[in-house]
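Subject: Structure handover

Hello,

Here is the structure for your files. My notes on what was found in it come after it.

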Amino acid sequence: MIDWLTGTAFTVAGTGTTWAELLGFATGVLNVWLVARQRIANWPVGIANVLLLMLLFWTAGLYADAGLQVVYVGLGLYGWWAWLYGGERRTRLTVGRTGRGEWWALAAAGVVLTGGLWALLDGATDSTVPLPDALTTALSLLATYGQTRKRVESWWLWIAADLIYIPLYAYKGLYLTAALYVIFLGLCVLGLREWRADLRRRAAPTPVPPGPAPATA
């Protein structure tokens with residue numbers, strides 16, 4: 001199975017595209033669209049997607065991104081549960097905003113993750129792109145955490161990560177994956193608009209139906 005997934009599906013301009021990259025493209029687009037629409041099916045589709053990407057990134061020498069997919073499986077299982085039962089009184093989770101304290105914690109975690117992964121990749125692997133690999137890994141983890149909690153600002157983190165991923169994957173010769181992240185970027189903008197609109201709808205006051213004026217004493 002692994003041999004088939006790492007085999008060439010087709011070649012463009014002399015560069016082969018594996019079945020893992022092709023299937024990762026398809027499941028990735030479907031996954032982000034489902035997230036934008038707040039469909040619970042995004043989680044099983046996303047888990048399948050990250051398993052494919054794990055194989056793809058490892059063979060391309062993007063070791064932090066490959067290791068990140070293992071974490072994504074765990075986050076995917078947690079997010080699946082949280083969307084179903086993470087709301088008040090174990091109800092479905094609704095879209096919310098990231099609090100100030102949560103932002104400070106995310107910023108601190110991002111700095112620590114980026115610095116630690118950069119040092120690890122630079123000193124312990126043959127990675128040719130240790131800093132962007134570490135930075136995108138950190139941004140993706142923070143964005144996924146926000147996604148599991150339905151934080152609307154998680155889309156901004158995904159947008160920032162995608163703007164780095166696109167040239168990074170092109171540089172590594174993963175042209176189909178780079179094109180996928182261009183599509184991801186557009187879907188992230190769509191998701192941001194959808195979640196913000198949902199937040200505004202729920203924050204709007206409930207209209208009072210017309211009726212007779214209340215009686216006065």
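Is the crossing of H2 and H3 left-handed or right-handed? The crossing of H2 and H3 is left-handed, where left-handed means that the near helix is turned anticlockwise from the far one by less than a right angle, and right-handed that it is turned clockwise.

Two remarks on the basis of these notes. This is a predicted model, in which local features need pLDDT of at least 70 and side-chain atom pairs count only at pLDDT 80 or more, while totals for chains, interfaces and linings use all residues. Residues are numbered from 1 along each chain as its sequence is written, and side-chain values use heavy atoms, with hydrogens and water left out.

Overall layout

The protein chain has eight helices and two strands; both are DSSP runs numbered from the N terminus, with helices being H or I of at least four residues and strands E of at least two. From the N terminus on, the order of elements is α-β-β-α-α-α-α-α-α-α. Of the 217 residues in the protein chain, 45% are buried. Here buried means under 20% relative accessible area, exposed over 50%, and partly exposed in between, with a 1.4 Å probe and protein chains only. Among contacts in the protein chain with a separation of 6 or more, 66% are between residues 24 or more positions apart; a contact means heavy atoms within 4.5 Å.

The core

The largest nonpolar core has 43 residues. Such a core is a set of buried Ala, Val, Leu, Ile, Met, Phe, Trp, Tyr and Cys residues joined through side-chain atoms within 4.5 Å. Phe57, Trp155, Tyr165, Tyr169, Tyr181 and Trp195 have the most contacts inside the largest core. At least two residues of this core come from each of H2 (19-36), H3 (42-60), H4 (63-85), H6 (130-148), H7 (154-171) and H8 (175-203). H8 gives the most, with ten residues.

Tyrosine 169 is one of the residues with the most contacts inside that core. Not counting residues up to four places away in sequence, tyrosine 169 touches Phe57, Leu62, Asp65, Leu174, Tyr175, Thr177, Ala178 and Tyr181.

Helix pairs

The axes of H2 and H3 come within 8 Å and cross at roughly 150°. Axes are lines fitted to C-alpha atoms, for helices over the stretch in contact, and angles run from 0 to 180 degrees between N-to-C directions. H2 and H3 are therefore roughly antiparallel to each other; angles over 145 degrees count as roughly antiparallel, under 35 as roughly parallel, 65 to 115 as roughly perpendicular and the rest as oblique. By class, the residues of the contact of H2 with H3 are ten nonpolar, seven polar and one charged. In this scheme Ala, Val, Leu, Ile, Met, Phe, Trp, Tyr, Cys and Pro count as nonpolar, Asp, Glu, Lys and Arg as charged, and the others, Gly among them, as polar.

H7 and H8 pack at an angle of about 165°, with their axes 8 Å apart. That makes H7 roughly antiparallel to H8. The crossing of H7 with H8 is left-handed, and their contact has 20 nonpolar, three polar and two charged residues.

Single residues

Glutamine 38, in the loop between H2 and H3, is not a glycine but has a positive phi of about 60°. Its relative accessible area of 24% makes glutamine 38 partly exposed. Arginine 89 also has a positive phi, of about 55°, without being a glycine. Arginine 89 is placed in the loop between H4 and H5 (100-124) and, at 83% relative accessibility, counts as exposed.

Glycine 61 lies in the loop between H3 and H4 and is buried at 13% relative accessibility.

Proline 132 is in H6 and is partly exposed at 27% relative accessibility. Leaving aside neighbours within four places in sequence, proline 132 is in contact with Ile164 and Leu168.

Alanine 179 is in H8 and is partly exposed, with a relative accessible area of 34%. Its C-alpha atom is 8.8 Å from that of phenylalanine 25, 154 residues apart along the chain.

Regards
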